[in-house]
Amino acid sequence: MKDNYNIVIVGGGPAGLSAALEASKYTDKILLIDENLKAGGQLIKQTHKFFGSKNHHASERGINIAQELIKSIDSDKVEFLSGVSASGFYKPHTLLLEDKERLYRVNSDKFIFATGASENIIPFVNNDLPGVYGAGAVQTLMNLYGVVPGKRVLMIGAGNIGLIVSYQLFQCGVEIAGVVEASPYIGGYSVHAAKLRRMQIPIYTNHSIKAAYGDECVEKAVIAEVDSRWNIIKNTEKEFDVDTICLAVGLTPSTELLSQAGCDMVYVRELCGYVPKHDKFMETSISGVFVAGDASGIEEASAAMLEGRMAGLKACYDIEKFNRSEWINSISHIEFELKSLRSGPHGEKAVNGKKKIDIQR
Amino acid sequence: MRFLDHPILDFNSKDKKLVSFTFEGKTFNGYEGEPIAAALHDNGIKKLRISPKLKRNRGLFCAIGKCSSCLMKVDGIPNIRTCTEPLKQGMKVEYQNIKGDLPEVMS
């Protein structure tokens, strides 16, 4: 542990790991920190195969992508600390870190915040009852530690996460009482929905959760139909005897540190929350402060990895001497991959959102 | 509850070490290094905290150290995020006194 680093990266998920890997090709003295016990972020819980083209890790499982990234990082150049939280950023060069024993500072000219996202919660009666989990928590319990949260689950949200986690629960022998979706449509890919359909798991579109009941933990859930403005329609309630309610109702970018650092922040609906304005190199309104991955707007791991590489590369550009053609080659390669990833109907939201926070330099 | 057979993942590694810990005075087992909250779940304990103001029961929610729903007293120290704190042999896990008392000895 030193006091001064060339680059400090906060968050060891797909974006942070990719940033570290890319940066370590050109420079050393890189610090990568993560709050959790293991590096890899959400990737290490993702047992499903990725979509897209070969360049975007298609048909590889998230768990294997994480292992690949972690293995390729040169520990002589990148120092990794787990179980460490970043608690404050002080312009221009100082980040405050804490672990169980102490509070300390590290200095650097370049910071990359790849802080990810946190699970959303929705309002319903007793939504704080033990047995109500975020989908990420359920994935952590079962796919990292082999522990299932209960015997019978009601899933809220039929986006990709809701569908995938339902299937993963089924793979662990848990019964899925149903998947509840407030919109008229299943938001996730039909290949995931089809897997549930084949197992005869009902998907209730135009429904939302109204209440959870139980003495100390969840014992029952009540759902009801909703109208086009998502108001509950009377006398349409359905009851389920479940011990677990899993919420897959979206994510919010974790941007507290960037906001506290003083970056220009904008609320962008398409990116699911307050996000820092940034240029195409992922540099925010504060010079030397970068963002990457879900913290710059909710997308998928493939986009996070490319954004991480971009931030890592640009941070090095200001430190090390680059051959001009090598620089242009590397940048345009990542730009091309990002663009192709976001092409098509599923990428439209991200493209529109990113336009709203673009900084032209 | 743990599962042993999974089509993709392998949880039967021989490197896993079973350790014992106490929760509210009773002895339980869990695997060394897994989060305390995972070990508690395996033993059927889902209520991890009581909310400070309205005294409502709280369980595991985010499991990544963000939501503070799983804060407990571990070896006398309150406000430990049991979702990210690794389990060790002989740990003493308890409900904390709402916001948590100052530990008697801080070294």
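Predicted model: local features only at pLDDT ≥ 70, side-chain atom pairs only at ≥ 80, totals over all residues.
Residues are numbered from 1 along each chain as its sequence is written, while chains are lettered from A and ligands numbered from 1 in the order in which they are written.

**Stop 1: the domains.** Select 4-118 plus 251-355 of chain A for domain 1, then 143-247 for domain 2; such bounds come from an automatic or database domain assignment. Their centres, taken over C-alpha atoms, sit 32 Å apart. Four residues of domain 1 are in contact with four of domain 2 (C-beta atoms, placed from the backbone, within 7 Å).

**Stop 2: α4 and α5.** Now pick residues 160-171 (helix α4) and 190-198 (helix α5) of chain A, whose axes come within 9 Å and cross at roughly 40°. Helices here are DSSP runs (H or I, at least four residues), numbered from the N terminus. Axes are lines fitted to C-alpha atoms over the stretch in contact, with angles from 0 to 180 degrees between N-to-C directions. That makes α4(A) oblique to α5(A). Show Leu163(A) and Tyr167(A) on α4(A), and Ala193(A) and Leu196(A) on α5(A), which are among the contact residues.

**Stop 3: α7 and α8.** Move on to 301-317 (helix α7) and 324-342 (helix α8) of chain A, packed at about 160° with axes 10 Å apart. The two are therefore roughly antiparallel (angles under 35 degrees count as roughly parallel, over 145 as roughly antiparallel, 65 to 115 as roughly perpendicular and the rest as oblique). Residues meeting here include Leu306(A) and Met310(A) from α7(A), and Trp327(A) and Ile334(A) from α8(A).

Key
Contact = placed C-beta atoms within 7 Å.
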